Amino acid sequence: MQYCTEYRCAWQEALAILIRMKTFILVADSGTARLLRVDGAARKRVLVEVARLECPPARRLPQELVSDRTGRLFARGSAGMSGPASRSRAEADNDSDPRAVPIDRFAASIARRLDVERRRKNLDALVVIAAPRFLGRLRTRLSAPTRARVLRELARDLLRASDAQILRAAFPR
């Protein structure tokens, strides 16, 4: 009987620690992030929005972010070949996405916000739910102490999902 009582006390202490843990859920894509705090016990969890971060350039079209067209290149004749130099013109290639830099800065700002919450002792556990492309960028920006608090990562875009759907995805049964 003594063992059962000790076991029950240890289990109740562990449950009390889990309830007191400050768990956050980050739901994000490349343009918007919601930082949600989980309140309540296991059966009656409620999400409280702590912060909503926006990145307006990520929502714009690439041609809206570039000031003008790319430059022109003039082709020259090949060395060692006889004949006049070619006078053909071609547009310079611009393979970079003009939204990449603002999206990387946005991922860094989210990581800084999570670090602030961690340093204030507000964040004990973190569940990250982000669009697949953005999750990779965000993962590289998280500091090591914050990364150590990540319980789970989901590569899904649940930004417009209901709180119940977010909770089911973050804490499956």
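**A walk through the predicted fold**

In this protein, residues 24 or more positions apart account for 62% of the contacts with a separation of 6 or more. Contact here means heavy atoms within 4.5 Å. The structure is a predicted model, in which local features need pLDDT of at least 70, side-chain atom pairs count only at pLDDT 80 or more, and totals for chains, interfaces and linings use all residues. Residues are numbered from 1 along each chain as its sequence is written, and side-chain values use heavy atoms, with hydrogens and water left out.

Start with the overall layout. The protein has seven helices and seven strands. Helices (H or I, at least four residues) and strands (E, at least two) are DSSP runs, numbered from the N terminus. Along the sequence, the order is α-β-β-β-α-α-β-β-α-β-α-α-β-α. The protein has 173 residues, and 30% of them count as buried. Buried means under 20% relative accessible area, exposed means over 50%, and partly exposed lies in between (1.4 Å probe, protein chains only).

Now turn to a pair of helices. Helix α4 covers residues 100-119, and helix α5 covers residues 132-141. How far apart are the axes of α4 and α5? They lie 9 Å apart, and the helices pack at an angle of about 50°. Axes are lines fitted to C-alpha atoms, for helices over the stretch in contact, and angles run from 0 to 180 degrees between N-to-C directions. The two helices, α4 and α5, are therefore oblique to each other. Angles under 35 degrees count as roughly parallel, over 145 as roughly antiparallel, 65 to 115 as roughly perpendicular, and the rest as oblique. The crossing of α4 and α5 is right-handed.

Charges come next. Side chains of opposite charge can pair when their charged atoms come close. A search of the whole structure finds ten salt bridges. A salt bridge is a side-chain nitrogen of Lys or Arg within 4 Å of a carboxyl oxygen of Asp or Glu.

One of them stays inside helix α4. D115 and R118 both lie in that helix, three residues apart, or about one turn. Their side chains meet in a salt bridge at 3.5 Å, N to O. Is D115 buried or exposed? D115 counts as buried because its relative accessibility is 11%. R118 is at 16%, so R118 counts as buried too. Leaving out residues up to four places away in sequence, D115 touches S143 and T146.

Another salt bridge joins E153 to R139, with the closest N and O atoms 2.9 Å apart. This pair links distant parts of the chain: E153 sits in strand β7 (residues 150-155) and R139 in helix α5, 14 residues apart. E153 has a relative accessible area of 30%, so E153 is partly exposed. R139, at 37%, also counts as partly exposed.

D39 and R37 form a further salt bridge, at 3.1 Å, N to O. D39 is at 28% relative accessibility and so counts as partly exposed. R37 is at 30% and counts as partly exposed.

Then there is a network. Salt bridges link R34, E49, R52, E54 and D163. R34 lies in strand β2 (residues 32-39). With a relative accessible area of 10%, R34 is buried. Beyond its neighbours within four places in sequence, R34 is in contact with I25, L26, V27, E49, A51, R52, L159, A161, D163 and I166. R34 and L53 are 19 residues apart along the chain, yet their C-alpha atoms are separated by 6.5 Å.

End in a loop. K121 is found between α4 and β6 (125-130). Most residues other than glycine have a negative phi. For K121, phi is positive, near 65°. K121 counts as exposed because its relative accessibility is 60%.

Definitions and conventions
A crossing is left-handed if the near helix is turned anticlockwise from the far one by less than a right angle, and right-handed if clockwise.
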